Amino acid sequence: MRNRCILLAETYDDAFGALLSTPRTGRAGFHEVFGVPLYEYLEGAPDAERVFDAAMAELARSAAEAVADRFDFSPVRRVVDIGGGDGTVLSTILARYPHLEGVCVDRPSVCRRSSDRAAAGRTLAGRLTFRPGDIFESVASGGDLYLLKNVLHDWPWHSCLRILASVRNAMTRADDAQAPGRVPPHLIVLEPLLHREADSVHALFRTVVSGSGAGDFETPEDMRRLLAEADLELLSVTELSSGHHAFECTPRSATPLR
Ligand SMILES: C[S@@+](CC[C@H](N)C(=O)[O-])C[C@H]1O[C@@H](n2cnc3c(N)ncnc32)[C@H](O)[C@@H]1O
């Protein structure tokens, strides 16, 4: 919990200084205090960014184990984790399945630091690579399985649709679809959701930190609507022991989305 405590006590606590303006204006307290949104701030604050990434890794461990328990990775060759931070989720899955390769897509500064750390650790023998990029624009193609964990809840509905469109486009890219032996790619979206819209404090927390509209979805029903709007067919929904809902889906058609 070390880095999570530091993140809450330092960066988030400062953002909560503007808590009252969020219910009044609907805008992020974070933006008001720091003058820029969360991820733009982290770009220029390497110490805070290191703490943020390590806090996300601390929070991700139990979900990573739960995903590795729940899904069968034996037919999968390459897993792409979108917004995968320091690669904690992929490292856990790759350690359990030695035949797998993992590609972690995140912002350039996160990839640079995480890749240096992974190279120093050397435990995954080159099977984990970091691909810097903007998930709103495009993500690495060539995956049999894509993961999107705790990413969508940072964004309003229309931004979530943009992220899902770039993932879906990577999954349906024609050159990959024709590769010999390729299984149709799946996407697993993982989010800590509520059973009903009861916990407004939870939504408020996200709105203070991430910005206006970040509380756009709360329940599994909201996620079903979002995935349908993104032209993704839902194959299964599971509640994991980590408290996350896992939505497994696949593109309905190969038509690229804008
Ligand atoms: C809440 S964290 C979740 C990290 C990780 N998936 C996990 O569950 O531990 C969201 C991640 O999305 C990344 N991210 C945010 N905006 C991004 C963008 N435009 N392009 C690529 N990555 C982005 C952040 O750097 C961060 O690592």
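Asp231 sits in the loop between helix H11 (220–229) and strand E6 (232–239). Helices (H or I, at least four residues) and strands (E, at least two) are DSSP runs, numbered from the N terminus. The phi of Asp231 is near 65 degrees, a positive value in a residue other than glycine. Most residues other than glycine have a negative phi. Asp231 counts as partly exposed because it has 17 C-beta neighbours inside 10 Å. The cut-offs are these: buried means 20 or more other C-beta atoms within 10 Å, exposed means 12 or fewer, and partly exposed lies in between, with C-beta atoms placed from the backbone.

The model is predicted: local features need pLDDT of at least 70, side-chain atom pairs count only at pLDDT 80 or more, and totals for chains, interfaces and linings use all residues. Residues are numbered from 1 along each chain as its sequence is written.

Now take the whole chain. Its secondary structure comes to 11 helices and seven strands. Of its 258 residues, 38% count as buried. Residues 24 or more positions apart account for 68% of the contacts with a separation of 6 or more. A contact here means two C-beta atoms, placed from the backbone, within 7 Å.

The largest nonpolar core has 63 residues. Helix H5 (residues 46–70) gives the largest share of this core, nine residues. Such a core is a set of buried Ala, Val, Leu, Ile, Met, Phe, Trp, Tyr and Cys residues joined through C-beta atoms within 7 Å. Ile82, Tyr146, Leu147, Leu148, Val167 and Leu187 have the most contacts inside it. Follow Tyr146 as a guide. Not counting residues up to four places away in sequence, Tyr146 touches Val80, Ile82, Val167, Met171, Pro185 and Leu187.

H5 and helix H6 (residues 88–96) pack at an angle of about 35 degrees, with their axes 8 Å apart. Axes are lines fitted to C-alpha atoms, for helices over the stretch in contact, and angles run from 0 to 180 degrees between N-to-C directions. On the H5 side, the contact is made by Ala57, Ala60, Arg61, Ala64, Glu65, Val67 and Ala68. H6 supplies Thr88, Val89, Thr92, Ile93 and Arg96. By class, this contact has seven nonpolar, two polar and three charged residues. Ala, Val, Leu, Ile, Met, Phe, Trp, Tyr, Cys and Pro count as nonpolar, Asp, Glu, Lys and Arg as charged, and the others, Gly among them, as polar.

Which residues of H6 are buried? They are Thr88, Val89, Leu90, Ser91, Ile93 and Leu94. Their cover includes H5, strand E1 (78–82), strand E2 (101–106), strand E3 (128–132) and strand E4 (145–149).

Turn to the ligand. Of the 16 residues around it, Met56, Ala60, Gly83, Gly85 and Asn150 come nearest. A residue is near a molecule if its C-beta atom, placed from the backbone, lies within 6 Å of it. The shell has seven nonpolar, four polar and five charged residues.

Asn150 lies in the loop between E4 and helix H8 (157–172). Its phi is positive, about 55 degrees, although Asn150 is not a glycine. Asn150 is partly exposed because 18 other C-beta atoms lie within 10 Å.

End with Val76, in the loop between H5 and E1. Val76 is partly exposed, with 19 other C-beta atoms within 10 Å. Leaving aside neighbours within four places in sequence, Val76 is in contact with Leu100, Asp144 and Leu145.
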